[in-house]
Protein chains: 2
Amino acid sequence: MKTNEVISRVLAEHEEITEIYWTACGGSLIDLYPSHYMVNAESAKTSSGWYTAKEFTVTPPKRLGKHSLVIVCSHSGNTQEAMDAAVLAYEKGAAVVTLTDKAGSKVDDPRFITWVYPWGDHVPTAEVPLGICPTLAAELIKAQEGFPKYDALTDGLKKMDGIIENAKNKVNAELSEKFADRCQENEFFYILGSGAAFSQTYGFAICSLMEMQRQNCCYLHSAEYFHGPFECTEKGIFYFLQMSSSQSRVMDERALSFLKAHTDRLMVLDAMEYGMGDVDASVRAYLEPALFYAMNVELRAARGKRFNHSPEIRRYMGIENY
Amino acid sequence: MKTNEVISRVLAEHEEITEIYWTACGGSLIDLYPSHYMVNAESAKTSSGWYTAKEFTVTPPKRLGKHSLVIVCSHSGNTQEAMDAAVLAYEKGAAVVTLTDKAGSKVDDPRFITWVYPWGDHVPTAEVPLGICPTLAAELIKAQEGFPKYDALTDGLKKMDGIIENAKNKVNAELSEKFADRCQENEFFYILGSGAAFSQTYGFAICSLMEMQRQNCCYLHSAEYFHGPFECTEKGIFYFLQMSSSQSRVMDERALSFLKAHTDRLMVLDAMEYGMGDVDASVRAYLEPALFYAMNVELRAARGKRFNHSPEIRRYMGIENY
């Protein structure tokens, strides 16, 4: 399947798309955020909304209808909330694209355009949701109103696999063991980030750490940090700061400066030191979440090894009924 | 100033409003969320965006222009990020309404329509941002496309002060001391909520607890809880659950059921037990955040008394340069 063919089909059937909604749960929801952020930043025609799937079905947007495009992602393909959101959108007349790793799953349904993506250590970024979705958004904007950053985005996407491969080695050489140390010293800590990458701040917290490591922590927005949360900062409290390579970096830099002066437990993962400078500045925001995700995977693996707690272990998810 | 006069003036000068953006920082940002949520749920004409002010200026929405209405709130009136957002919006041609408690502050500027609101223990809900903003949104929807829930909303708003007054007594009789106990037993805990009230879940965490009590905690969405965070739940971990009275309640109920079975430290603040049943079900989501806010104030006061840490104390905010 090709992204431009998906958008051509959507526009042929729905004439124009005036709003796009991205909806999923947990890790899949996180992967949709950069594209939501991109549409609002780059489109003069299409507004974008981003919803955890249950919120979408409980309180759907009033504008949901024929001229809406709804992108639903379910890695397993069988997440009930995601399926319910897709069905609701279809019934309201929207174009529905479902992304899943599993052919033949619930969301692989003839009512939707279903994109089955591969998954695994060496699958290119362009072939997973963090690459597919910005490209879908770029094709939509290009088709409806023109998108001057289209070539920069596709060029940047090609560079991401090399950047990530190098960054993995660097993060393991420089940060992974220290991160595991910090997790041993701190029962709880804060993770900061901003911009489109804030999705990975949230994801690092709720997926990599809370879910896969039972590590208590909290995610904070680097700008919002100064409007409340910074009062908690003091020696002995660990902060992990994700520094963006995009225009949102200014928010992370402000947090960095304050944190350096107010805690002795700070760890910084700076996307500019991990290769994002090779990507055109105008599109870094939309692509760097893939870098942060890959680094989060390395860091959680290091913690898992230290604590003898494999990131594959669950005690409730998919085990209990809830 | 009257909300219908504000909207009449905006529409006279800008013909139509196709998008509304709510932007502020910290506590003020939190107060704008229910109205953002309401516009997306109730308007077929106007889309809504909600931004911490620095994100708004760093990555403004592409659609920001003549047909945009931007609502900026700064309690002190001098928050630089909020002022920058208001100026940017004005320069892009948008209608700008600023809300502040302080006449003569930066955001009280002739380029904007400035609404100076009173503040204090017995100021009616209708006169503070949590009441003004849903009314502004209701007037906009009514003027442009009709709003069948208009009367239910204004009627509900009138009931909020009585509901809150009774709820204060009840929360202090039933929850405040237990909450202070829990804070003594737990260095860190989780707060859950959903729907428009999720803004107060976030606000309880970052303003009432992190900022005013230096209490480490984390805010979680009740639906997202099942897509990662619930793996942390076990005996000895404290969870504070805000139960909505609105359509989003179903998400909180699911969390309640799981939490009851998996932790021995659970505290529930159920809006239905605190009077929200008196408000029409169709508009509870938009008004109950005012109830949760008032309860959060009582709970933080009880914690402050127990820890001898007044909620007025700051060590950084407004004291250091940052």
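Select Phe179(A) in this predicted model; Phe179(A) sits in helix H7 of chain A, which spans residues 176–185. Is this residue buried or exposed? Its relative accessibility is 0%, so Phe179(A) counts as buried, the cut-off being under 20%.

Now show what surrounds Phe179(A). Leaving aside residues up to four places away in sequence, Phe179(A) touches Phe189(A), Phe204(A), Leu209(A), Phe238(A), Phe240(A), Met267(A), Leu299(A) and Arg303(A). Pick Phe240(A) from that list. Phe179(A) and Phe240(A) are 61 residues apart along the chain, and their C-alpha atoms are separated by 9.0 Å.

Next, select residues 7–151 of chain A. An unreviewed UniProt entry annotates residues 7–151 of chain A as "domain: SIS". This span is 43% helix and 19% strand, and its end C-alpha atoms lie 17 Å apart.

Colour the strands of chain A and look for an open sheet of five, with parallel pairing and the order S2-S1-S3-S4-S5. Which strands form the edges? They are S2 (47–52) and S5 (113–116) of chain A, each of which pairs on one side only. On average, neighbouring strands of this sheet are turned by 15 degrees against each other, direction ignored.

Select strand S3 of chain A, residues 68–73. Six of the six residues in S3(A) are buried, so the strand is largely enclosed by the rest of the structure. In a regular strand, side chains alternate between the two faces of the sheet. Here Ser68(A), Val70(A) and Val72(A) point one way from S3(A), while Leu69(A), Ile71(A) and Cys73(A) point the other way.

Strand S1 of chain A (residues 19–24) runs parallel to S3(A) and is joined to it by six bridges. Ala24(A) stands opposite Cys73(A) in S3(A). Strand S4 of chain A (residues 95–100) also pairs with S3(A) in the parallel sense, over five bridges. Leu69(A) has Ala95(A) in S4(A) as its bridge partner. To follow the chain from S3(A) to S4(A), trace helix H4 of chain A (residues 80–91); this β-α-β crossover is right-handed.

Move on to S5(A). S4(A) and S5(A) run parallel and are joined by four bridges. For Leu99(A), the bridge partner in S5(A) is Trp115(A). Then select helix H5 of chain A, residues 129–145, which lies across S1, S3, S4 and S5 of chain A. H5(A) runs at about 175 degrees to S3(A).

Switch to chain B. Four strands there form an open sheet with parallel pairing, in the order S7-S6-S8-S9. Its edge strands are S7 (216–221) and S9 (265–270) of chain B, each pairing on one side only. Neighbouring strands in this sheet are turned by 20 degrees against each other on average, direction ignored.

Within this sheet, strand S6 of chain B (residues 188–193) pairs with S7(B) in the parallel sense over six bridges. Phe189(B) stands opposite Cys217(B) in S7(B). Helix H8 of chain B (residues 198–213) lies across S6, S7 and S8 (238–243) of chain B, and runs at about 175 degrees to S7(B).

Finally, show both chains. Chain A superposes on chain B by a rotation of 180 degrees with 0.0 Å of shift along the axis, at an RMSD of 0.0 Å. The two copies are thus related as by a two-fold rotation axis. Which residue of chain A comes closest to the rotation axis? Select Cys218(A): its C-alpha is at 2.5 Å. The same surface serves both copies, with 100% of the contact residues of chain A recurring in chain B.

Terms used: Residues numbered from 1 in each chain as written. Chains lettered and ligands numbered in written order. Predicted model: local features only at pLDDT ≥ 70, side-chain atom pairs only at ≥ 80, totals over all residues. Heavy atoms only, no water. Buried < 20%, exposed > 50% of the residue type's maximum accessible area, 1.4 Å probe, protein only. Helix = DSSP H or I, 4+ residues; strand = E, 2+ residues; numbered from the N terminus. Pairing = 2+ DSSP bridges. Right-handed = clockwise from strand over helix to strand, strands pointing away. Least-squares fit on C-alpha atoms with pLDDT ≥ 70 in both. Contact = heavy atoms within 4.5 Å. Axes fitted to C-alpha atoms, helices over the stretch in contact; angles between N-to-C directions. UniProt positions renumbered as here; feature names shortened; annotations may be inferred.
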